[in-house]
Amino acid sequence: MAAHGDKARALCGGTDLIIQMRAGVRRPEYVVDLKNIAALRQISFSMQHGLRLGAAVPAIEIHENADMRRYYPGLTEAAHLIGSLQIQSRASVGGNLCNGSPAADTIPALIAVAAKARVIGPQGERLVPVEEFCTAPGRTVLQPDEILIEFQIPTPAPHSSDAYQRFIPRNEMDIAVVGVGAAITLDPADDRCVAARIALGAVGPTPIFAREAAAALVGKRLDEASIDNAARAATAASSPIDDMRGTAEFRRHVVGVLTRRVVKLAAERARVAQSR
Amino acid sequence: MAAATDERNFKVIGTRPIRHDGVDKVTGRARYGADYAFPDMLHGKMLRSPYAHARIKSIKVDKALALPGVKAVVTSADFPELPDKMEAAGEAPVNLAHLSENLMARDKVLYDGHAIAAVAATSPHIAEEAVKLIEVEYEVLPPAMTVEDAMKPGAPIINPKLRNKEEGDKPTNVAAHIQFKRGAVEAGFKEADFIVEREFRTAMVHQGYLEPHNAVAIYNADGKSTIYTSTQGSFAVRALASAVAGVPETSLKVVPAEIGGGFGGKLTIYLDPIALVLSKKTGHPVKMVMSRADVLRATGPTSGSTIRCKMGCTRDGKLTAAEIWMAYEAGAYPGSPVGAGAMTIIAPYNIPNMIIDAYDVVVNRPKTAAYRAPGATNAAMASETIIDELAEKCGIDPIEFRLKNAVKEGDPQTAGPPYKRIGFIETLEAIKNSPHYKSKLEGPNRGRGVASGFWFNVGMNSSAVVNLNADATASLVIGSVDVGGTRAAQAMVAAEVLGIKAEDVRPSVADTDTIGYTDMTGGSRTAVTTGAAVFMAAEDAVRQLKERAAKRWEVKPEEVAYQDGVLSCGDKRMTIKEMAAQFARTGGPISGRASINLRSVGPSFATVCVDVEVDTDTGKVKILRATCAQDVGKALHPSYVEGQMQGGTAQGIGWALNEEYVYDDRGNLRNFGLLDYRMPTCLDLPQIETIIVEVPAPGHPIGSRGVGEVNIVPPPAAVANAIARATGVRMTELPMSPPRLLKALLKKRGSADTQVAAAGR
C-alpha cells in the first residue's frame, strides 16, 4: 500500500470494491488483499479491556460470537443486516467503514457504542473515533498508505445496551434509506438515562453523530416526552436529500420514527442487561 | 385446491409428474444462451446513448478499430434502411424501420441507453474498452418523459415523421387514438346514485426476467447463418433479425436456448441482428450478452400510464356508466398496449353505457415490450379500485358487488362480440368461499382487498410431431419455447392420447429448421394451442396404429378401438407395445404430425384477495396473505398452473409496492440495477395461495385456457383496496411505495407538519 499509494486499494470481502471496479467507479491498479492477515481477523472481548474487533472479520462471525450478541446486540444486528448470508460471509465491518458510504449499516452502530478505529501506516499508529472517520460520500480520513487494523470498543457500562434499526422498502437485500443506532445507559435506581449516544445513517453526506438527540435523553426518564425530544433533535441533525431511495421529507420523518423505536429498544435491553 | 368442473376421465392430464427438463436445470446442465461458445468466437459490446434525446451529428470509430483485438465496429450504416410502415413480419405486423432504429439509432437517440454502435473484439474486456473509444458528437435536445409532457402543445417532437389520423399532417407524439363506445354515457351517469372519478398514474415497470438478453451468431461463407438466443419465439427472431440484418429469412436458422424468464420481454429482438452483422463482417462467431444495466435501460419495460376513470352505479350496486381516458407511454416508438388496456379495463362487467378514449404516446423512454397481460394491469388499477370504492359507498361486499355486474356467456365484450362460456363468476365464488375470505382479519392497520382481472389469450399457429419408438415410448418435437413448464404439459397431452406414461414421452423444443412454423410462447397460447397441436399429432399417431391393426385383422380402421394403450376389435387385442415393436414389418415408422391455426381461444378471468398490514409510521406495507383464483379451463399440470398464478400475483405485488423506473430531470435512468429497481424477494411475500377454477373452454380438445397472464392483472388494485380498508387512504399512484403512502397517510391525518411532531406513536 505504501509503495503504490493512490493506485492501490485494500480489499477485505470485496463486496463494495469489486462492484465499484466493475462499474468503473474505482479503477485501482493494485488491489491488496488484507483478509488473511491474522491480526485483522480476531475478535477478543474482556470486561477489563473491552472489545477488539479485527477490521477484516466477516459479518457472519460477529453474529456467531456470543460476546458480541450479549454485549453489543445493536452492532451485531447491524452487521447481520448487510446483504444476504452469502454476502455476510465475506463483508467485513472494517470494509463497511472504509467504503465510506453514508448508508452503511454498521457505522451508526459503531458510533453508538463509541468505537475507535485503529489505523496504521508508515508514520505510525493512530486511533480515530468512528464519528470522525468519514469525511464525504466514499471518502474517509485514511491516507493512501494507511490501513484500518481493528476497532477498539469500550466495555458497556452496567445497565446499558445498544440497538440499530434501518428502514428499507423491502425486507432484505436492500440498502438503508434511514438507519439509526443508539446506546443507552440507565440508572437502575430511578430508570433515568445516565448516558446515551445516537447516530444516524443515510440522512447526510456522512453518518451523523447526533449529540443533541442523545443530550435530550441524559438525566431524563425515557418517557414519550423525552423520547419525542430526542427524535425531534435527531430529525434536526439530519440533512437528507431527495433521491431514488426516498424523498428528504420522508427521510426526516423516518429519522424521528426510528430514533423513537431504537431508543426504546436499547432501553428495554439495558433494563434487562445484567449488572456488569 | 382444485374446484374441478370437468367430468372427463383424464388419466395423465391433471396429474403432477416431475418435469422432463428438471434434472438438467437443477444440475446446471441445461444450456442457456450465454452458455454457448464456439472456436474463434468474438465478443460484442454496445455503445449506448448517455442522453434521453439528441441528434447524432457524427460517429468516429477509428480509435476503437485501432485498439489491438478489435475486429469490427458497426453502426446504423451497416444495416439496411427499412420501410416506415406496418408490415407483416413473423407473427404480427411490425414497423421495421422503428424496430431497426431501436436496435441501432440512425439520426437521433431517443432514450438513455439507446444503442448507437457495436464492437466485436477478441475478449469482452477489449470490446468494452473499444466502446469507450468511439467518439459521438451529439446535439442534445429536450426530452419528453411522460404522457403529459409529450401531449402538451409545444412538446419536443420525438419522431418527426409520426402522424395520427386526427391531427392531419401535424407532427405529434400521439401515435394513435382508439375509442370504444356503447349506450348513452350522460344518461347512464344520471341514473347513478353514486359516482366516483379519480385520476391514476402507474409507473413504467420492467418484466424483470432473471436472464439478460443474449445472442450468439454464426454467419457462414455460404450465406447461411445460425443464431443461438434466449427468446420466447424462435420464428419471430428468424423473421425480425433477418429483416434488420438484411439477409434472406430462410437463410437463417434460429436455435432457441433454454430461457431464464421472458414474461413477454423476449418476444422482440435486440442483439440478434447486431451479432449477425458483426459475424458477417468478421467471419467469426460473435457472442453478445447484456448487462443488467443494459436490460433495464434499453429493453422491455411496459408502459407507465395516466388513466382518468369515472364510474357510476345505483344504490343497489348496478353499474350504469363508465367514462375513461387513458394514455400510455409507448416509449421511443409507437406501440404501447393501450388498446389492450382499453379492451380489458371494464371487460369483467356489464356496463350499459360507456366511452373509452385511449392514446398511444411516444416518450423519451425505452420502446416498451410485451409484459404479461400487457396494458391490463395498469387499467385494472384504475377500474378495480373505483369498483371497490363504489361497493363501499353502496355498503355492499366487494365480491357481491362484482357478482351483481359480472359478465357471463352471451354478454358483450368491450369491442362488441359476445363472450362464449367464461368463468368470471366462478372465480368470484371461489374467493368468496375460500378459507382466506372466510377468515377473520383482526388487528390495527390491517385490511383486506379484492380485485379481478380479464385477459384475452391468443391462439395462432403451432406445429407438433409425435414419433413412436419401438419400445412404445415417444419423442415429441415442438417449436414452442418452454418458459413455464409447457414441455412437461405437452408431453402429458401426448401421453394422454397415446395411453402411455408422461415419463415415456421425451419432449424437445426444436429449432426453426427442425419443426414446422410455430408462433411465440406468449399470449398464454403455448399450453393451449401447442397443446392442441400435440393432441392432434398424437391422434394422428393413434390413427396410424388403428390402420395397421385394421390391416392385420382385416377389418375397417373405424372398427378398431384404442383405449389406454390397447388396440381392440371384438375379441382381438394388441397393445401399443406389441404394435410399436413391429413397425418395420407393418408399414414403417409411426410418426404423427399436426400443424394448426387456432383462431378462437377461451379468455381468462382471475380474482385475487390480499390482506395487508400498514406501518402507519413509515408507509411500509406488509403482505400478510394472498390468494389467487383463476379460471384455467382445464389444468394440464396443476403444479405449473399454480406456479403461473403465484408468479403473476408476485409480479403484481411488485407493481403495487416498489417497482418503478426513476428518471432524473434530464431523462437519465437512475435505478438501472436490481438494488434500486426493487422487485419483491421471497422475504417480501407470503406463500401465495391458489384456487384453480376449471370452466372448460369451448372449441379446445381438452378445454384448456391460457394460464400465464391474467394473474398479474388484479394484485395492484387488490393491494390498493386492502390499503384503503386498512387506513382509509385511497391510493391512485403506483407503486404505493413507503414515501408515497406515508405522504398520503400524513395528509389524511391533517398535519402540515410532516416531521416528528406528526409521527405516529
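Buried means under 20% relative accessible area, exposed means over 50%, and partly exposed lies in between. The exercises below use this scale on a predicted model.

**Exercise 1.** Classify B:Asp540 and B:Arg543 as buried, partly exposed or exposed, and state how far apart their closest N and O atoms are.

Solution. 
- Step 1. B:Arg543 has a relative accessible area of 41%. This value lies between the two cut-offs of 20% and 50%, so B:Arg543 is partly exposed.
- Step 2. B:Asp540 has 12% relative accessibility and therefore counts as buried.
- Step 3. The two residues form a salt bridge, with the closest N and O atoms 2.5 Å apart.
- Step 4. Helix H16 of chain B (residues 526-553) holds both B:Asp540 and B:Arg543. They are 3 residues apart, about one turn of the helix.

**Exercise 2.** Describe the salt bridge between B:Asp21 and B:Lys25, then name the network that includes them.

Solution. 
- Step 1. The closest N and O atoms of B:Asp21 and B:Lys25 are 2.8 Å apart. A salt bridge requires the nitrogen to be within 4 Å of the carboxyl oxygen, so the pair qualifies.
- Step 2. B:Asp21 is buried, at 4% relative accessibility, whereas B:Lys25 is partly exposed, at 25%.
- Step 3. Salt bridges link B:Asp21 and B:Lys25 in a network with B:Arg19, B:Glu258, B:Asp482 and B:Arg487.

**Exercise 3.** Are B:Asp676 and B:Arg678, which meet in a salt bridge, buried or exposed?

Solution. 
- Step 1. The N to O distance in this salt bridge is 3.3 Å.
- Step 2. B:Asp676 and B:Arg678 are both buried.

**Exercise 4.** Describe the interface of chain A and chain B by its contacts, its area and its salt bridges.

Solution. 
- Step 1. Contacts join 27 residues of chain A to 31 residues of chain B.
- Step 2. About 2,600 Å² is buried between the two chains, and carbon and sulfur atoms give 56% of this area.
- Step 3. In chain A, the residues that lose the most area to chain B are A:Arg170, A:Met244 and A:His253, together 29% of what that side buries.
- Step 4. A:Arg261 forms a salt bridge with B:Asp615, with the closest N and O atoms 3.0 Å apart.
- Step 5. Helices H9 (224-237) and H10 (248-272) of chain A each supply at least two residues of the side that touches chain B. H10 of chain A gives the most to that side, with 8 residues.
- Step 6. By class, the side of chain A that touches chain B has 12 charged, 9 nonpolar and 6 polar residues.

Methods
Residues numbered from 1 in each chain as written. Chains lettered and ligands numbered in written order. Predicted model: local features only at pLDDT ≥ 70, side-chain atom pairs only at ≥ 80, totals over all residues. Heavy atoms only, no water. Salt bridge = Lys/Arg side-chain N within 4 Å of Asp/Glu carboxyl O. Buried < 20%, exposed > 50% of the residue type's maximum accessible area, 1.4 Å probe, protein only. Helix = DSSP H or I, 4+ residues; strand = E, 2+ residues; numbered from the N terminus. Contact = heavy atoms within 4.5 Å. Buried area = accessible area lost by both parts, 1.4 Å probe. Nonpolar A, V, L, I, M, F, W, Y, C, P; charged D, E, K, R; others polar.
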